[in-house]
Amino acid sequence: MKFGSSDEHDKTDVRKGSDDNDNNVSIKEKEGNSAADASLNESIGTSEIPQKTSKRKGQPTKLDPEKAGIPGFSYSRHDDEDSNACIQNISNDHCEDSEEEEDESEHQAAILASLLDSEHGEAIRAFLSRHSSFDPGNLCKSIIVLAGAGMSVSSGIPDFRSAGVGLYDTLQAELLTASELERQLIAEDPTLALDKGMFLRNPLPMLELKRDFILGTQESRWKATLAHRFVEMLHTKLGKLTRLYTQNIDGLELQCKGLPKEKVVNVHGSMGRAACELCEAEVDFDEFCAKIRSSVKDITGECMDAPRESKPIVCEACGRPTVKPTIVLFRGSMPKEFHDKTAEDLIDCDLLIIMGTSLTVSPANSLVYRIPPTCLRLVINNQRVGRMLGIDYSESSIRDVFAHGHSDAMCLDLIDKLGWLDDLAAIIEELPESNVSLLRKRLAQKAISS
């Protein structure tokens with residue numbers, strides 16, 4: 001199934017949202033040009049330094065202190081009217097009385113009827129008959145979202161990898177608090193500043209490199225996008241969001257006050273939380289930021305109040321200088337929470353929304369094929385991704401929905417069709433500027449048509 005009509009490739013999205021450069025765990029699937037310009041935001045949690053952006057030969061072992069399923073069926077529909085009806089299946093709201101239940105049941109029946117009367121009705125009937133446990137009367141009870149860097153691209157978070165302008169290309173290693181050898185290695189490969197081995201040997205390059213990002217996260221310098229707000233509404237309006245699995249480290253989901261922290265799994269950690277890398281003792285984030293301000297120099301030279309020399313932040317629990325944001329460093333371990341929650345969540349999932357990711361970094365991309373064969377998959381992306389994981393974009397597929405376009409635009413369409421525009425309008429000032437423009441234009445169109 002396909003809806004959306006944007007054929008323009010979002011260069012910023014490609015730059016920040018690609019994640020297939022990990023030489024150990026990524027699938028070498030070339031879907032558009034997104035693979036070539038992988039973003040740190042989504043790929044930082046991979047277990048190896050991305051191969052294509054690395055300038056080093058081999059692995060820096062002297063700095064290192066420690067050494068999937070069946071795709072099932074797919075559904076694709078290409079009629080915009082039918083696809084709009086299908087999307088409304090996720091709007092099976094909790095009914096408070098029998099009359100609302102009856103209305104909702106009729107609504108579901110009308111949607112199913114429209115599907116069965118479509119040109120693909122015979123294929124859908126055959127699919128439903130093969131899976132007797134698939135209840136067409138209540139299509140979505142458990143929704144899981146798998147998000148990548150495309151979800152955050154409109155927030156304006158600084159880019160790390162773009163040639164000539166990204167932080168990696170403009171980093172001046174000589175400004176870092178490090179030995180001459182460490183500076184030479186980082187100059188050759190800037191990703192080494194975010195390597196676990198380097199951090200345990202010398203934590204200061206990582207803290208200096210990330211100082212502005214850490215403080216910007218605390219100050220909400222970048223705002224949660226329409227895509228974030230859509231996910232929030234899946235919980236606040238439907239009560240059916242089981243989990244958001246985000247590969248982003250930006251912490252923007254923390255701005256969605258209606259989205260409980262327990263509903264979010266930060267697959268690659270978060271810039272909005274702090275803990276000790278060794279003993280894992282959590283640290284109050286505001287206290288951590290205060291120490292960053294007073295203890296870590298600003299290598300950009302923009303903050304006049306920053307200290308001239310850096311000193312590490314010591315863990316009060318274990319006494320070691322290894323406190324940092326909870327982001328997963330290169331060659332670091334994945335959070336245990338990811339494995340625990342996927343084992344708990346996936347078995348009952350009946351709608352997986354895949355948003356703004358190239359689906360090339362493991363194990364996050366394993367969600368695509370670990371869900372039940374009766375689970376629908378909605379892909380919101382500029383490009384067709386995940387073919388090697390079993391996603392089927394052909395006209396004969398059965399379970400896959402392709403929303404072709406930018407994450408924010410597609411999520412705004414969904415919010416509109418689900419009748420949530422007024423809720424979104426109430427928080428318009430909390431959106432990024434580009435999203436504000438999109439929403440105001442949509443609200444104006446609705447006002448004219450009403």
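Predicted model: local features only at pLDDT ≥ 70, side-chain atom pairs only at ≥ 80, totals over all residues.

Residues are numbered from 1 along each chain as its sequence is written, and side-chain values use heavy atoms, with hydrogens and water left out. Helices (H or I, at least four residues) and strands (E, at least two) are DSSP runs, numbered from the N terminus.

**Helix 16**

- Helix 16 takes in residues 433-449, and its 17 residues reach 25 Å from the first C-alpha to the last, close to the 24 Å expected at 1.5 Å a residue (that is, 1.5 Å times one less than the number of residues).
- N435, V436, L439 and R442 are the buried residues of helix 16 (buried means under 20% relative accessible area, exposed over 50%, partly exposed in between, with a 1.4 Å probe and protein chains only).
- They sit on the same side of helix 16 because they cover an arc of only 135° around the axis, taken from the directions from the helix axis to the C-beta atoms.
- Over on the other side of helix 16, you'll find E433, K441 and I448 exposed.

**Strand 8**

- Strand 8 (residues 351-355) is mostly covered, with five of its five residues buried.
- L351, I353 and M355 point one way from strand 8, while L352 and I354 point the other way.
- In general, side chains in a regular strand alternate between the two faces of the sheet.

**Strand 8's neighbours**

- Strand 2 (residues 143-147) pairs with strand 8 in the parallel sense over five bridges (pairing means DSSP finds at least two bridges between two strands).
- Strand 9 (residues 376-381) also runs parallel to strand 8, joined by five bridges.
- L352 in strand 8 stands opposite I144, and its bridge partner in strand 9 is R377.
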